[in-house]
Amino acid sequence: MAANMILPTVALAQRETPSQKGFCARFSELTSKLDQRIADRQAKLEEKRLERKANLEKKRNERLAKLAERRQKRQENFAEHIAKLEERATTEAQKQAVATFKAAVDSAIAAYKAAVDAAIQAFMDGVDAAITKRKSEVDAALNAFKSAKQAAVDKAKAACANGVDPKTVRETFRADMKAAQEKFKSDRQAIEKLRTLLQSLIAARKEAISKAHEDFKAAMEKARTDLKAAFGVTE
């Protein structure tokens with residue numbers, strides 16, 4: 001959308017009567033159309049940004065809600081499992097082993113949740129920062145184009161006021177606008193794609209969650225081994 005914003009600008013600058021005599025006379029009308037087109041396209045760009053922001057927020061909330069739901073379900077299942085173990089415990093040693101097992105699992109779950117939450121938060125913060133960075137860079141490119149456009153307009157107005165041949169004014173204006181367009185394209189292409197910016201964030205989140213999972217598995221395995229020993233269960 002940002003790239004398309006400037007295309008009508010150059011196209012408008014190219015339309016004129018064969019004699020070119022009306023260019024200076026119609027220049028105010030031309031620049032008004034240019035400004036309106038740019039304003040309309042910027043409004044659409046902002047609308048798209050707000051729409052993407054709302055969709056991102058909605059997806060985040062849905063994912064966090066599902067995560068909380070899964071955690072609640074696992075917690076309920078664990079509570080049922082502990083209740084069954086307590087029923088099986090007949091000696092003080094076994095009862096103490098169940099209590100120790102429960103404390104170990106609670107600690108492992110808390111550590112796992114904290115690590116996962118930190119990974120998720122770091123990812124979301126990184127996404128927000130990447131979006132803000134790209135928005136700032138796109139806006140800077142757009143503002144640079146608008147400044148170049150305004151300079152071309154001011155230059156053309158001054159030339160018209162000084163009696164320069166309208167055909168010369170028009171050709172100069174076209175050249176200035178083409179240069180502004182090419183500069184805008186170059187600036188836009190230099191901006192890193194959001195997908196590229198997110199790749200490292202996705203990898204970091206995956207690695208952090210994977211480590212949290214492995215740590216949790218190790219803690220659970222130890223807790224189970226200790227519990228089995230207390231109940232006299234051998235592999």
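Predicted model: local features only at pLDDT ≥ 70, side-chain atom pairs only at ≥ 80, totals over all residues.

Colleague: Fine. How many helices and strands does the chain have?
Modeller: Five helices and zero strands. From the N terminus on, the elements run α-α-α-α-α.

Colleague: Back to your term. At what angle do helix 2 and helix 3 pack?
Modeller: About 180 degrees, with the axes 12 Å apart. An angle over 145 degrees counts as roughly antiparallel, so helix 2 and helix 3 are roughly antiparallel to each other.

Colleague: Which kinds of residues make up the contact of helix 2 with helix 3?
Modeller: It divides into 23 nonpolar, five polar and 16 charged residues.

Colleague: And helix 3 with helix 5, how do their axes cross?
Modeller: At roughly 180 degrees, and the axes come within 9 Å. That makes helix 3 roughly antiparallel to helix 5. The residues of this contact are 29 nonpolar, three polar and three charged.

Colleague: Why quote both an angle and a distance each time?
Modeller: Two packed helices are described by the angle between their axes and the distance between the axes.

Colleague: Helix 3 keeps coming up. How many residues does it have?
Modeller: Helix 3 has 70 residues. From its first C-alpha to its last it reaches 102 Å, close to the 104 Å expected at 1.5 Å a residue.

Colleague: What follows helix 3?
Modeller: Gly163 does, and its phi is positive, near 80 degrees.

Colleague: Now helix 4. What span should it have?
Modeller: Helix 4 covers residues 166-190, which is 25 residues. At 1.5 Å a residue it should span 36 Å, and its end C-alpha atoms are 36 Å apart, so the two agree.

Colleague: Which residues of helix 4 are buried?
Modeller: Val169, Arg170, Phe173, Met177, Ala180, Gln181 and Phe184.

Colleague: And over the chain, what share counts as buried?
Modeller: 29% of the 235 residues.

Colleague: Let's talk cores. Which residues have the most contacts inside the largest nonpolar core?
Modeller: Phe23, Phe27, Leu30, Phe145 and Phe173, in a core of 20 residues. Helix 2, helix 3 and helix 4 each supply at least two residues of this core. Helix 3 gives the most, with eight residues. There is also a second, separate core of 13 residues. It includes Ala89, Phe101, Ile109 and Met220.

Colleague: Changing topic. How many disulfides are there?
Modeller: The count comes to one disulfide. Cys24 and Cys160 form it, their sulfur atoms 2.1 Å apart. The link is left-handed, with -80 degrees about the S-S bond.

Colleague: What does the pair tie together?
Modeller: Cys24 lies in the loop between helix 1 and helix 2, and Cys160 in helix 3, so the pair ties together parts that are 136 residues apart in sequence.

Colleague: How accessible is Cys24?
Modeller: Cys24 is partly exposed, at 24% relative accessibility.

Colleague: Last one. I clicked on Glu207. Where is it found?
Modeller: In helix 5.

Colleague: Is Glu207 buried or exposed?
Modeller: Exposed, with a relative accessible area of 61%. The cut-off for exposed is over 50%, so Glu207 qualifies.

Colleague: How far is Glu207 from Ala119?
Modeller: They are 88 residues apart in sequence. In space they are 8.9 Å apart, C-alpha to C-alpha.

Terms used: Residues numbered from 1 in each chain as written. Heavy atoms only, no water. Helix = DSSP H or I, 4+ residues; strand = E, 2+ residues; numbered from the N terminus. Expected span 1.5 Å × (residues − 1). Buried < 20%, exposed > 50% of the residue type's maximum accessible area, 1.4 Å probe, protein only. Disulfide = S-S within 2.5 Å. Core = buried A, V, L, I, M, F, W, Y, C linked by side-chain atoms within 4.5 Å. Axes fitted to C-alpha atoms, helices over the stretch in contact; angles between N-to-C directions. Parallel < 35°, antiparallel > 145°, perpendicular 65-115°, else oblique. Nonpolar A, V, L, I, M, F, W, Y, C, P; charged D, E, K, R; others polar.
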